[in-house]
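Please look over the sequence and the model below before reading on. The text then walks through selected parts of the fold.

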Amino acid sequence: MTCDFFKLATKGAQALQPYQPGKPIEELEREYGIKNAIKLASNENPTGISPLVVTAIQAHLQELPRYPDGNGFRLKQALAAYHSRTINNVVLGNGSNDILDLVARAFVTAQDSVLFSAHAFAVYPIVTQAIGAKMIITPAKNWGHDLIAMRQAIEPNTKLIFIANPNNPTGTWVSKTELQAFLDSVPETIIIVLDEAYFDYMDAPDYPDSSLWLDRYPNLVVARTFSKAYGLAALRIGYALAHPDIINLLNRVRQPFNVNSLALIAAEVALQDRAYVMNAIALNKVGLAKLTQGFEKMGINYIPSRANFITFDLGKPALPVYEALLREGVIVRPIGSYGMPNHLRVTVGLPEENERFLQSLKKVLTKP
Ligand SMILES: *Cc1c(COP(=O)(O)O)cnc(C)c1O
């Protein structure tokens with residue numbers, strides 16, 4: 001081969017660091033020759049699949065030869081009803097990551113800039129660099145988004161701002177008051193994406209429901225997902241709520257069949273199964289408290305979280321601890337690529353998984 005394809009690629013693609021997913025259980029067991037590994041690395045719902053979803057998927061399997069409904073009419077209708085909006089306020093994505101990409105592609109060119117915080121979700125740099133746009137990354141405050149700094153960092157060519165609330169991997173969130181002040185101060189010509197993947201878990205009294213603000217801030221895009229509390233990560237289904245004009249533009253850049261038919265039906269049914277979501281939330285709350293207590297007992301600093309994961313500080317390079325945990329069959333997430341080499345992120349699992357993680361952590365930290 002004589003052609004250097006790397007040279008042919010866009011500057012953006014050349015600069016990209018591919019997203020590093022959590023290690024799959026199968027891969028760990030194969031590589032380390034162990035069994036019964038547990039994965040607390042990708043903020044997945046540990047409670048299994050909703051039985052209503054299983055039945056719905058089975059009933060719709062025969063539709064696989066046909067293209068899905070490219071409009072996702074039924075699911076959009078259900079979501080519109082759920083949020084007391086119209087279907088013109090809803091766009092569906094192949095996971096909410098797809099939504100983040102759609103917004104960037106609909107509004108940002110290589111001549112523009114996109115603003116987000118340090119330690120923010122890894123998909124923001126990916127979708128920005130894929131376009132070749134400039135990234136403006138503001139320093140964090142106590143690991144969280146510093147909205148004052150973000151407001152000041154806006155440049156004349158800034159087209160888009162990403163805010164993860166709460167943020168992954170830090171778990172930090174911005175309060176209703178802070179966020180409203182920020183939204184009030186940003187010109188309407190800049191699109192603001194509020195990425196709320198963990199919305200359902202958030203029980204902090206100061207945590208806002210920004211889906212109620214669409215009329216007040218027409219430049220707002222609220223992204224939600226079925227991957228976390230609804231337990232449908234593998235099906236890839238998320239959505240955004242926004243002004244109909246924004247939704248219309250996102251639909252123009254969207255691939256015609258970006259959401260598959262099993263995801264459409266599963267999400268529609270999952271939305272009705274409140275018992276599943278409530279159980280997942282309740283279990284998460286107990287698990288998070290357990291992990292927090294465990295860290296406190298071991299004298300380990302952590303970043304307070306209300307989501308389904310928590311990030312802790314080892315005060316030294318975390319990779320050796322990550323690897324020692326792998327040997328114990330416990331997969332957590334190193335976050336050095338987020339500029340946090342001393343931290344690890346752990347997803348809240350089932351009670352026995354949380355227990356095993358804490359025991360394993362204690363063991364690997366006290367080993368001579
Ligand atoms: C998990 C997560 C998502 C959801 O991604 P999907 O594509 O919907 O699976 C979005 N944003 C953040 C910050 C996340 O952590």
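The model is a predicted one, in which local features need pLDDT of at least 70 and side-chain atom pairs count only at pLDDT 80 or more, while totals for chains, interfaces and linings use all residues. Residues are numbered from 1 along each chain as its sequence is written, and side-chain values use heavy atoms, with hydrogens and water left out.

Four strands form an open sheet in the order 9-10-13-12, and their pairing is antiparallel. Strands here, like helices, are DSSP runs numbered from the N terminus (helices are H or I with at least four residues, strands are E with at least two). Two strands count as paired if DSSP finds at least two bridges between them. Strand 9 (301-303) and strand 12 (333-335) are the edge strands, each pairing on one side only. From one strand to the next, the twist averages 35°. Angles of this kind run from 0 to 180 degrees between N-to-C directions, with axes fitted as lines to C-alpha atoms, for helices over the stretch in contact.

Helix 12 (residues 274-297) packs on this sheet and touches strand 9, strand 10 and strand 13 (340-347). Contact means heavy atoms within 4.5 Å. The direction of helix 12 makes about 10° with that of strand 10.

Strand 10 (residues 309-313) pairs with strand 9 in the antiparallel sense over three bridges. A hairpin of five residues joins strand 9 to strand 10. Within this pairing, Tyr302 stands opposite Phe312, and Ile303 has Thr311 as its bridge partner. Strand 10 is also joined to strand 13 by five bridges, again antiparallel; here Asp313 stands opposite His343. How many residues of strand 10 are buried? Four of the five are, so strand 10 is largely enclosed by the rest of the structure. Buried means under 20% relative accessible area, exposed means over 50%, and partly exposed lies in between (1.4 Å probe, protein chains only).

Next comes the annotated lysine. UniProt, in an unreviewed entry, places the feature "modified residue: N6-(pyridoxal phosphate)lysine" at Lys228. UniProt positions are given in the numbering used here, feature names are shortened, and annotations may be inferred rather than shown by experiment. Lys228 is found in the loop between strand 7 (220-225) and strand 8 (238-242). Its relative accessible area is 13%, so Lys228 is buried. Not counting residues up to four places away in sequence, Lys228 touches Ser42, Asn43, Asn45, Ala197, Tyr198, Tyr201 and Asn308.

An α-helix has 3.6 residues a turn, so residues three or four places apart point the same way.

Ser50 lies in the loop between strand 1 (38-39) and helix 4. With a relative accessibility of 4%, Ser50 counts as buried. Apart from its neighbours within four places in sequence, Ser50 is in contact with Asp273 and Tyr276.

Finally, consider the backbone. Most residues other than glycine have a negative phi, and most peptide bonds are trans. A cis peptide bond joins Asn165 and Pro166, with omega about -5°, and another cis bond joins Asn168 and Pro169, with omega about 20°. Pro166 is found in the loop between strand 5 (158-164) and helix 9 (176-185), and Pro169 lies in the loop between strand 5 and helix 9.

Ser84 is not a glycine, yet has a positive phi of about 50°. Ser84 lies in the loop between helix 5 (73-82) and strand 2 (90-93). Is Ser84 buried or exposed? At 64% relative accessibility, Ser84 counts as exposed. His119, also not a glycine, has a positive phi of about 65°. The loop that holds His119 runs between strand 3 (113-117) and helix 7 (123-131). His119 is buried, with a relative accessible area of 17%.
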